Amino acid sequence: MLTFIGLGLYDEHDISCKGLSAIRAADAVFLEYYTSRLMGTDIPAMESLYRKEIHLLSREDVEQHPDPILDAAEGGSAVFLTGGDTMVSTTHADLRIRAAERGIPTQIIHGASISSAVCGLSGLQNYRFGKSCSLPFPYGKWMPTTPVEVIAGNLAQNLHTIVYLDIQDTRYMQVPEAIAIMEEIAEKKGVRIPFYVGIARAGSDDPVVLAGEASTLSSSDFGPPLHILVVPAELHMMEREFLERFAGLAPSP
């Protein structure tokens, strides 16, 4: 059996009781830490709570060399851990397909997802979100234009956009630098982004949620990672009141 388990948003205690039981009963425990990370903990703390040794996997391990995971699941009970909710990444779906091709039974134990946490922390209504996008760090003079194109398409349909910020080893994109990149691309593309919502450390005891124009959020201190960015469309009356009350959005004139 291969069980895919979402660990939740912030630390080792975010896992569900069902997920914790599955880990403790497993013969082998694997963790991928490249799509998301639990910034409120570390692997020793996780191993202490889970009472299992954790085998850390790179992207290459999962995408190109998954046989150790599948072999463990074929010969016993293996669990595959991910931050947030599981099966969100295409590499996770591919791994489940590979397991099925080898006749290995699979199951999913879900965890808290950043996509639903964004709605809860910002007050933006979940049915009003369009296509999401990811913002990678620029490489040399190259800057991706796709995020702004996605945002422009969503704004044209009066839909909000979640922008996932890049994670590279120990480098984490933060809201102010993400906005600077977005504004530069938007200017070149002739797109106007009215304002942003920045969220830091969702799932922790001290998340930061701030809403405002680029100039305001670019100089705001969001604290340590992980960060995520939202570009709202035209606000519903209750969405605006929520952001004014809980995220410091300036009242409309």
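Reader: Which residue stands opposite V163 in β12?

Author: L229 stands there. This is a predicted model, so every value is computed from predicted atoms. The two strands are β7, residues 161–165, and β12, residues 227–231. They run antiparallel.

Reader: What makes β7 and β12 a pair?

Author: Pairing needs at least two bridges between two strands. Four bridges join β7 to β12. Therefore they count as paired.

Reader: What is the order of the strands in the open sheet?

Author: Five strands line up as β6-β7-β12-β10-β11. The pairing is mixed.

Reader: Which are the edge strands?

Author: They are β6 (133–135) and β11 (208–212). Each of them pairs on one side only. Neighbouring strands in this sheet are turned by 25° against each other on average, direction ignored.

Reader: Which helix packs on the sheet, and which strands does the helix touch?

Author: Helix α8, residues 175–189, packs there. It touches β6, β7, β10 (196–200) and β12. The direction of α8 makes about 40° with that of β12.

Reader: Now α5. How many residues does the helix have, and what does it reach from its first C-alpha to its last?

Author: Helix α5, residues 90–101, has twelve residues. It reaches 17 Å. The expected value is 16 Å at 1.5 Å a residue, and the span of α5 is close to that.

Reader: Which residues of α5 are buried, and why are they said to line one face?

Author: T91, H92, L95 and A99 are buried. The cut-off for that word is under 20% relative accessible area. Seen down the axis of α5, the buried residues fall within an arc of 105°, so they line one face of the helix. On the other side, T90, A100 and E101 are exposed.

Reader: What covers the buried residues of α5?

Author: The cover includes strands β1 (2–6), β2 (28–32), β4 (78–82) and β5 (106–109). Helices α3 (59–64) and α4 (67–75) are also among the covering elements. After α5 comes G103, with a positive phi near 75°.

Reader: Why is the contact of R102 and D67 called a salt bridge?

Author: The limit is 4 Å between a side-chain nitrogen of Lys or Arg and a carboxyl oxygen of Asp or Glu. For R102 and D67 the N to O value is 3.5 Å. That lies within the limit, so the name applies. R102 sits in the loop between α5 and β5, and D67 in helix α4, 35 residues apart.

Reader: What makes R102 partly exposed?

Author: Partly exposed falls between under 20% for buried and over 50% for exposed. R102 has 29% relative accessibility, so it counts as partly exposed. D67, at 44%, counts as partly exposed too.

Reader: How do you know that E74 and R102 form a salt bridge?

Author: Their N to O value is 2.7 Å. The limit is 4 Å, so the pair qualifies. E74 lies in helix α4 and R102 in the loop between α5 and β5, so the pair ties together parts 28 residues apart in sequence. E74 is partly exposed, at 47%.

Reader: What about E149 and K189: how far apart are the closest N and O atoms?

Author: They are 3.1 Å apart, in a salt bridge. E149 is in helix α7 (residues 146–156) and K189 in helix α8, 40 residues apart.

Reader: Which residues do salt bridges with shared partners join into one network?

Author: D67, D71, E74 and R102. The structure holds eleven salt bridges.

Technical notes
Residues are numbered from 1 along each chain as its sequence is written. This is a predicted model: local features need pLDDT of at least 70, side-chain atom pairs count only at pLDDT 80 or more; totals for chains, interfaces and linings use all residues. Side-chain values use heavy atoms; hydrogens and water are left out. Axes are lines fitted to C-alpha atoms, for helices over the stretch in contact, and angles run from 0 to 180 degrees between N-to-C directions. Contact means heavy atoms within 4.5 Å. The expected span of a helix is 1.5 Å times one less than its number of residues. Buried means under 20% relative accessible area, exposed over 50%, partly exposed in between (1.4 Å probe, protein chains only). The arc is that of the directions from the helix axis to the C-beta atoms.
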